Amino acid sequence: KYSTATEGIMHHISGINKFQAYVYFASVFQAMSCGIHYLASVFMAVTPNFVCDIPGNVSRVLSYNSSGSSIEDIWTLWTSRENYIVVYLENGETWELNQCSRSKREVNSDLTYEYKGNKSEFSCSDGFLYDHAKWKSTIVTEWDLVCDREWLAKLIQPTFMLGVLIGAVIFGDIADRMGRQRVIWFTSAGQFVFGIAVAFTFDYYSFVVVRFLLAMVSSGYLVVAFVYVTEFVGTKARTWASMHVHAFFAVGVMVVALVGFLVRTWWVYQIFLSITTLPFVLCCWMLPETPFWLLSEERYEDAQKVIDIMARWNKVSTPCKVSELCSVQQDHLGNGRTGDNDVSSTKKHNILDLFCNWPIARRTITVWLVWFTGSLGYYVFSLSSVNLGGNEYLNLFLIGAVELPSYVIACIGMDKLGRRNTLIPFLLSSALICVLIMFIPQDFNILIILANMAGKFSIGVAFGLIYLYTAELYPTIVRSLAVGSGSMMCRVGSVVAPFCVYLRSVWIFMPLLLVGIMALLSGILTIMLPETLGKPLTNTLIEAAELGRNTENSSGKTRPEKIEMFGQETANIEK
């Protein structure tokens, strides 16, 4: 087939040689910035201890039986936010300070914590006092996102993920229409520009808008980068190459923990995180377009130039020229073009093509469900881990670190067992772990922590695997769109995840129950997906629909009569 011949040329000159190594590491380095921006709000939106401010100078402060000369002396002794702080002012007034209200005692007797007399209630019209022991400044303290404005702080991560959702679809589609190279250029520059711009926003609403744009370009880069490296490396190296894009994303999470530990002012913290993007922005213009996309757009001379550059860098010769493949294509067009079956090769594709027939539609539904479940489980386990106690910076670092071995296991499993046969057991095991956590006594803290880490490990394998699996399940003409739409469902899961965690107030195990049900359903439906291990990338929807249907596909071979023009769709697809 035409796709097989194209894959053959790429296999001959690719793998992980000098040229592919340059393209690969340049691309995945930027994926680290995606991990950074995705998790940056973990420390940027921290809500420290706070109480209402008071209208005067403090003379003495009391909390239970402990006292001090300033409120800063009391923060370390303030163990519960449900308690109030008693302050005695230089003008003789005594106030009780709560988080969202304050009371003035009518009788100023001896300074005691308990008071049974009359009090006058006031709102926090003078602002708030914050504990700056850990963070000198966060966006919460910058714009007083507490009490009746607390919901604004809770919307920061969901609105960012909404931008990720929209960016995944938009840039995935643009990459199929305009090329991977241009999207990588634009989104890389966008991450740097918008990342720096976030640090200089002047109010909450401008902060959210700029972060929304940052989310769109970050998501767009990550989606297209997976397709980009997948189309450049050969079949043998594709598993490890695409999976380790996730590893660099996890490194970005660990960088957030490190920078958060070292820098405690939110806008300086944001600038330091954004600077990591700069080296790639300076060199990304040298990255070439992928031959697969160029051939799908019938830009044969440009494709030949890229293939020749790859061969020269890797010091190999190409087995045949693109012109020879073109002649095969033209022969097919002359024999196969009839009446209504003639569809222009220049037809642009949209998301409806992912439902063009029942085999592809069923595949899309299952893939979307796995994307949603992976993201939901990933963030539910991550958000739950912040309650493990201890050092929050170390906790986040370990959350990122635990992903690294999961990707190694996923790579080994995908190469030895196959994509589908690795995905199914880890989805089912994550469902089982969710159930087991419900039966662990709450005072067994270490066991609970280990179980949650095991759940994060299992869902991490599935979450990392689905990117490559999706790219291999769909043809070149809609590959970026398929990965982009899958990432859209993934971000729907990430938007839902925080609200899912809020259901702990209904029942402490409700989030785990929901994740377990979704993982079980996804694992069962994945059984119907075809295996793609060792198969050449498909170029048309006909090839994709027949993937895994018969024994010919098992060996990566297809029948001659199924030759279809590279990048062409047909209106009547056999079911």
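**Aromatic pairs and their surroundings**

Author: Y38 and F249 are both buried, where buried means under 20% relative accessible area, exposed over 50% and partly exposed in between (1.4 Å probe, protein chains only). This is a predicted model, in which local features need pLDDT of at least 70, side-chain atom pairs count only at pLDDT 80 or more, and totals for chains, interfaces and linings use all residues. Residues are numbered from 1 along each chain as its sequence is written, and side-chain values use heavy atoms, with hydrogens and water left out.

Reader: How is a pair of aromatic rings described?

Author: The distance of the centres and the angle of the planes describe such a pair. Rings of Phe, Tyr and Trp (its six-membered ring) pair if their centres lie within 6.5 Å; planes under 30 degrees apart count as stacked, over 60 as edge-to-face and the rest as tilted. The structure holds 21 aromatic pairs. One of them, Y38 with F249, is edge-to-face, at 5.2 Å centre to centre and 90° between the planes.

Reader: What are the ring distance and plane angle for Y204 and Y205?

Author: Their centres are 5.3 Å apart and their planes at 80°, so this pair is edge-to-face. Y204 is buried, with a relative accessible area of 5%, whereas Y205 counts as exposed at 52% relative accessibility.

Reader: Which residues form one aromatic cluster with W135?

Author: F43, F261, Y269 and Y393 form one aromatic cluster with W135.
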